[in-house]
Amino acid sequence: MPELPEVETIARGLAKRVSGDVIESVWLGQKKEPLKSSAAEISATLEQSRIAAVRRMGKHIVFDLAPANGRKPNSRMKPKPFQQKKAQWIVHLGMTGSLRICEPQTEIAKHTHAILKLSSGRELRFVDPRRFGRLSVSTQFDAAGVEPLEVDLDRFLTLFRGRNTPIKSALLNQNLLRGVGNIYADESLFRAGLRPRRRASSITREQLRQLLLAVKQVLTEAIALGGSSISDYVDAEGEEGFFQLQHRVYGREGEPCLVCKTPIKRVVIAGRSSHYCPSCQK
Ligand SMILES: [Zn+2]
């Protein structure tokens, strides 16, 4: 499942490759699950719109749309509800979703749910075998929570101090920080020396400062690594190798801690596996 760094990398890659392109037409498949807005609404919003920008918000990919320039308005066309206003196409990749930039002659992959024909001659296709991904349109999309890479210490302290839940659950709470998933939560807690079960309320201000630093570090490093594999990810071949951050604790149950050699432990918190070093993390 793509986490924040992957989504950031994908959004950056798409921004480079499709910004400025105009969506000429939209084909949507018959499956209902991927469509969070109605097919009619998605088509009306996207068609004849220029992709002004592509960016990440939480784990969503946001396409900012502007009316396409230089096209004569066709009076017979249906009115486009979002065309004159700010419009956005929102893509959530779910577990297995991918956005692929293809030449039109490229064979259409199984589980293709949307095809956008671009004025550059290419197509942007949304493929999602397990159909947990979602497509929608909006005028002022706002994901819950704050951006972990942008939040400052004061805001972070306000959000996390005094919470009676395990710190791991608080990190995963999308209403606090948006987009931090299981792997990066475990890795951040290891770097900050905090056990996942620690009550947020028992963590000092200084430790929270270290934790915020660790969260930003882990995400930034993962984004830097992801950047080099972006073309594989969005190209026609889809989900080929993302360079991954070397995990220090995540998925390493029973293996020696990279710092002190103590075997890494795994516990389940709120239904999610959590990995930590019982010696380095207090
Ligand atoms: Zn250790």
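Reader: Is C257 buried or exposed?
Author: In this predicted model, C257 counts as buried, because its relative accessibility is 3% and the cut-off for buried is under 20%.

Reader: And C260, what's its relative accessible area?
Author: C260 has a relative accessible area of 29%, which means that C260 is partly exposed.

Reader: Which residues coordinate the zinc ion?
Author: The zinc ion is held through the SG atoms of C257, C260, C277 and C280, at 2.3 to 2.4 Å. Along the sequence these donor residues follow the spacing C-x2-C-x16-C-x2-C.

Reader: What geometry does the site have?
Author: The site of the zinc ion is tetrahedral, with angles of 101 to 113 degrees among the four donor atoms. For orientation, the ideal angle for four tetrahedral donors is 109.5 degrees.

Reader: In what order do the strands of the open sheet run?
Author: Eight strands form that open sheet, in the order β5-β7-β6-β1-β2-β3-β4-β8, and their pairing is antiparallel. The edges are taken by β5 (98-102) and β8 (134-138), each of which has a single partner strand, so one side of each is left without a neighbour in the sheet. On average, and with direction ignored, neighbouring strands of the sheet are turned by 30 degrees against each other.

Reader: Which helix packs on the sheet?
Author: Helix α1, residues 4-18, packs on the sheet and touches β2 (49-57), β3 (60-67), β5, β6 (112-118) and β7 (123-127). The direction of α1 makes about 160 degrees with that of β2.

Reader: What about β6, how many of its residues are buried?
Author: Six of the seven residues of β6 are buried, so that strand is mostly covered. On one pairing, β6 is joined to β1 (residues 22-28) by five bridges, the strands running antiparallel, and there S25 stands opposite K117 in β6. β6 is also joined to β7 by five bridges, again with antiparallel strands, and in that pairing K117 stands opposite E123 in β7.

Reader: Which residue takes a positive phi in the hairpin of β6 and β7?
Author: That residue is G121, with phi near 100 degrees, in a hairpin that has four residues between the strands.

Reader: Where is R131, and what is its phi?
Author: R131 sits in the loop between β7 and β8, and its phi is positive, about 60 degrees, although R131 is not a glycine. R131 is partly exposed, with a relative accessible area of 23%.

Reader: And A270, buried or exposed?
Author: A270 counts as exposed, at 70% relative accessibility. A270 lies in the loop between β9 (265-269) and β10 (272-276), and its phi is also positive, near 50 degrees, in a residue other than glycine.

Reader: Now the inside: which residues touch the most other members of the largest nonpolar core?
Author: That core has 31 residues, and F156, F160, I167, L171, L177, L208 and L211 touch the most other members. At least two core residues come from each of α3 (153-160), α4 (167-172), α5 (182-192) and α6 (205-226), and α6 gives the most, with nine residues.

Reader: What does L171 touch?
Author: Leaving out residues up to four places away in sequence, L171 touches F160, L177, V180, A185, L189, L211 and V215. Another core lies apart from this one; it has 29 residues, including L28, L35, I51 and F126.

Reader: How many residues of α5 are buried?
Author: Eleven of the eleven residues of α5 are buried, and among them are D186, E187 and R191 as well as I183 and L189. The helix is followed by G193, whose phi is positive, near 70 degrees.

Terms used
Residues numbered from 1 in each chain as written. Predicted model: local features only at pLDDT ≥ 70, side-chain atom pairs only at ≥ 80, totals over all residues. Heavy atoms only, no water. Donors = N, O, S within 2.8 Å, 3.2 Å for Na, K, Ca; no water. Tetrahedral: all angles 85-135°; square planar, octahedral: opposite > 155°, others 65-115°. Buried < 20%, exposed > 50% of the residue type's maximum accessible area, 1.4 Å probe, protein only. Pairing = 2+ DSSP bridges. Axes fitted to C-alpha atoms, helices over the stretch in contact; angles between N-to-C directions. Contact = heavy atoms within 4.5 Å. Core = buried A, V, L, I, M, F, W, Y, C linked by side-chain atoms within 4.5 Å.
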